[in-house]
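The structure is shown below.

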Amino acid sequence: MSVPVASVEPTTVRPPVSEGLGEGVSESAGDALRPHAEHAFAAELAALAAQDDRPRPARWRLSPWAVATYLLGGTLPDGTVITPKYVGPRRIVEVAVTTLATDRALLLLGVPGTAKTWVSEHLAAAVSGDSTLLVQGTAGTPEEAIRYGWNYAQLLAHGPSRDALVPSPVMRAMAEGMTARVEELTRIPADVQDTLITILSEKVLPIPELGQEVQAVRGFNLIATANDRDRGVNELSSALRRRFNTVVLPLPESADAEVDIVSRRVDQIGRSLDLPAVPEGMDEIRRVVTVFRELRDGVTADGRTKLKSPSGTLSTAEAISVVTGGLALAAHFGDGVLRASDVAAGILGAVVRDPAADRVIWQEYLEAVVRERDGWKDFYRACREVSA
């Protein structure tokens, strides 16, 4: 027996998007520190939907072309500017969107800080208008988080019944034809991971306690993310991996691209925190990115000096965090202009994860590279001061 769509009741209230609230942010999300993508970019999504005359898969809010435009940015015929959410190869986004339009699930793979979670959230927001059907993977994620749980008061009082069943985000997505998300799939225990096999291959979720099942309706799909540095933590079984199309998100190809990503994201975060404008600190952003790239790659930008790489990932996401922290220092304890002294401590914390080995690598980099670089004297002094 299959459970009809209407029988799976939502367990959370999704606030409607209100009109006339500035940037399309819902009234309930107006004071949120980090609004969901569908609220933060509601105006852009609405503009795309209004001008999107291309074919849309079942239950999609936008066509695949419009979803890709939402992620990559562009200008619509009426002059509406769609801001880029992802800066990277266009083909990667096109393959990811196309995968979701098929019956194959999507696995976003990459090193830490390559925007896997960010991309998955925006894909779900653009496709389904709801990015909140989320399972966060951890070592303690239970099977119920992917399948379903029970309201134990109802269960004890009346036994197994439809009313006692608590649907997971994945079950709700199946019943409503939505996009579910599973973060950090490889951190989930292997036996729990494998509960996805039947869901992704047969598109059904059995409920043996009731002798029933939930059949996925058209529009359902799943986006998972995984950190490829976590290989061996809970490696995906070959059976499960075959159910996914894997898209690898690379690190930014050039320093200019990474500076652009960091500045855009810091600007977005800064506006929500009332921090100074990013253009005031572009020189420091470029320096942070340069330091991270050189230590990450094990060679200076000019290719002349080989370097030892520290144990940390020094990802783009960490660069964003360092710059955002520096802007907060500049705003609250400085003159509002981002300077070397504002980012030095953040860089030290990002680089020196292993107090013994990483500190030696950092000191060698300061003395051999930073000290001798033209125009970096203030940065060298600031880093020496916090490293003492």
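Leucine 236 is buried, because its relative accessible area is 7% and buried means under 20% relative accessible area (exposed is over 50%, partly exposed in between; 1.4 Å probe, protein chains only). The residue sits in the loop that joins β11 (221–227) to α10 (238–241); helices (H or I, at least four residues) and strands (E, at least two) are DSSP runs, numbered from the N terminus. Apart from neighbours within four places in sequence, leucine 236 is in contact with Leu107, Leu185, Thr186, Gln193 and Arg241, contact meaning heavy atoms within 4.5 Å.

The model is a predicted one, in which local features need pLDDT of at least 70 and side-chain atom pairs count only at pLDDT 80 or more, whereas totals for chains, interfaces and linings use all residues. Residues are numbered from 1 along each chain as its sequence is written, and side-chain values use heavy atoms, with hydrogens and water left out.

**Helix α12**

Helix α12 covers residues 282–297 and contains glutamate 294; phenylalanine 292 is also placed in α12. Glutamate 294 counts as buried because its relative accessibility is 2%. Phenylalanine 292 likewise counts as buried, at 0% relative accessibility. Not counting residues up to four places away in sequence, phenylalanine 292 touches Leu314, Ser315, Glu318, Ala319, Val322, Ile347 and Ala350. For glutamate 294, the contacts beyond four places in sequence are Val299, Thr300, Ala301, Leu307, Tyr365, Val369 and Arg373. Phenylalanine 292 and glycine 349 are 57 residues apart in sequence, and their C-alpha atoms are 12 Å apart in space.

| Residue | Relative accessibility |
|---|---|
| Leucine 236 | 7% |
| Glutamate 294 | 2% |
| Phenylalanine 292 | 0% |

**Helix α7**

Helix α7 (residues 169–176) is largely enclosed by the rest of the structure, because seven of its eight residues are buried. These are Val170, Met171, Arg172, Ala173, Met174, Ala175 and Glu176. Glycine 177 follows α7 and has a positive phi, near 70°.

**The cavity**

The structure holds one cavity of 30 Å³ or more. On a 1 Å grid over the protein atoms alone, a cavity is a set of points where a 1.4 Å probe fits but cannot get out, and lining residues have an atom within 4 Å of a point. The largest cavity contains about 30 Å³ of space, a volume being the space filled by probe spheres set on the points, which are joined across faces, edges and corners. Its lining is formed by Leu71, Ile92, Val93, Ala96, Val119, Leu123 and Leu249. By class, the lining divides into seven nonpolar, no polar and no charged residues, where Ala, Val, Leu, Ile, Met, Phe, Trp, Tyr, Cys and Pro count as nonpolar, Asp, Glu, Lys and Arg as charged, and the others, Gly among them, as polar.

**The overall fold**

The secondary structure comprises 16 helices and 12 strands. The protein is as compact as a globular protein of its length, because its radius of gyration of 23 Å is close to the 21 Å that the globule rule gives for 388 residues; the radius is taken over C-alpha atoms, and the rule is 2.2 Å times the number of residues to the power 0.38. Buried residues make up 49% of the 388 residues.

Notes:
On a 1 Å grid over the protein atoms alone, a cavity is a set of points where a 1.4 Å probe fits but cannot get out, and a pocket is an open set with protein on both sides within 12 Å along at least five of seven lines; lining residues have an atom within 4 Å of a point.
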